[in-house]
Amino acid sequence: MKRTNIGDRFFIGFIYVFLTLLAFSAFYPFWNSLVISFNEGMDTSKGGITFWVREFTLENYKIVFEDSRLMGGFVIATLRTVIGTVTAILATSIFAYGMSKRELMGRKYYMIMCIITMYFGGGLIPSYMLIRSLGLFNSFWVFIIPALVSVWNMIIFRTFFQGLPQGLEESAKIDGCGYWGTFLRIVLPLSGPVIATLSLFTAVNHWNEWFVASIYITKEELMPIQTILRQILFSNIASEQLSNVDASSIAHINAAKKITSKSLTMATIMVATIPIVCVYPFLQRFFVKGVLVGSLKE
């Protein structure tokens, strides 16, 4: 076994300390927001809340979950994430499978056209006019259809498909499979790591995206929770929520008086953040394998 000298040990120790501090700096804002969301609002306004809850309360979350607007936004965001991820991965993988075929006429020109779209776009005004002409304004499908195909994901899929053994597809053709049969029965089942990785990236993008709704959606019932959260952060909606709290009992009134806009905002942030964070542990093992296997070979 190779021995390490003092210099190597010092360097390794420095790396561990540096990475620990880096991880702490990334995790602390999330933890502090979580602590504030469970702390009494009036007590939080005094300051000094860092790592632990000082005055525990669930009233912040109670108001959030009683707000039909926020819960409606949570449902829209969930539907958008699930439907958008499934359709985007399916459409992008089909496109990439076709682009991976060397017998496809004009394949290089199609690829050049795809890459150009990664660097140049029409801009917001042409996009707005296109969305209106397609009838997607104030429609749930404005979240799904424009995001069906990602060129970057297509390139990763395409490279992965090109790395599969040719004998697999040849055997499938001998057994009578066409392109669709080969794709659905052979190629997709072998693409688990890259599908899982790109599905997570797509799901996170759908869940966190707020700009599309702020431009193309005016109906309150179609607003995803991230757009609503942005409105809360940049307006006085949190204060308006406090004024609309059900005052049916003296105890509830007294509890509501202890809530502030900051504590309510932190609770809303946690409701919007924790669901997508919980997905990471289940797909983390696919990250390195999925991305590298789809990017190393051309």
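Predicted model: local features only at pLDDT ≥ 70, side-chain atom pairs only at ≥ 80, totals over all residues.
Let's start with the charged pairs.

| Salt bridge | N to O distance |
|---|---|
| Asp43 and Arg54 | 2.9 Å |
| Arg69 and Glu220 | 3.4 Å |
| Glu209 and Arg80 | 2.8 Å |

Take Glu209 and Arg80 to begin with. Their bridge links distant parts of the chain: Glu209 sits in the loop between helix 10 (192-208) and helix 11, Arg80 is in helix 4, and 129 residues separate them. Are these two buried or exposed? Both Glu209 and Arg80 are buried.

Next up is Asp43 with Arg54, 2.9 Å apart at the closest N and O atoms. Asp43 belongs to helix 2 (residues 41-44), while Arg54 is in the loop between helix 2 and helix 3 (59-66), 11 residues away. Asp43 has a relative accessible area of 7%, so it counts as buried. Arg54, at 39%, is partly exposed.

That leaves Arg69 and Glu220, whose side chains meet in a salt bridge. Arg69 lies in helix 4 (residues 68-99) and Glu220 in the loop between helix 11 (211-216) and helix 12 (225-233), so the pair ties together parts that are 151 residues apart in sequence. Glu220 is partly exposed, because its relative accessibility is 48%.

Now for the nonpolar side of things. A surface patch of about 990 Å² is built from nonpolar residues, among them Phe10, Phe11, Ile12 and Leu22. Phe10 is found in helix 1 (residues 6-37). Why does Phe10 count as exposed? Because its relative accessibility is 64%, and exposed means over 50%.

Methods. Residues numbered from 1 in each chain as written. Heavy atoms only, no water. Patch = residues over 30% accessible without salt bridge, like charges linked within 9 Å, V, L, I, M, F, W, Y side chains within 5 Å. Areas by Shrake-Rupley, 256 points an atom, 1.4 Å probe, with all protein chains shown as cover. Salt bridge = Lys/Arg side-chain N within 4 Å of Asp/Glu carboxyl O. Helix = DSSP H or I, 4+ residues; strand = E, 2+ residues; numbered from the N terminus. Buried < 20%, exposed > 50% of the residue type's maximum accessible area, 1.4 Å probe, protein only.
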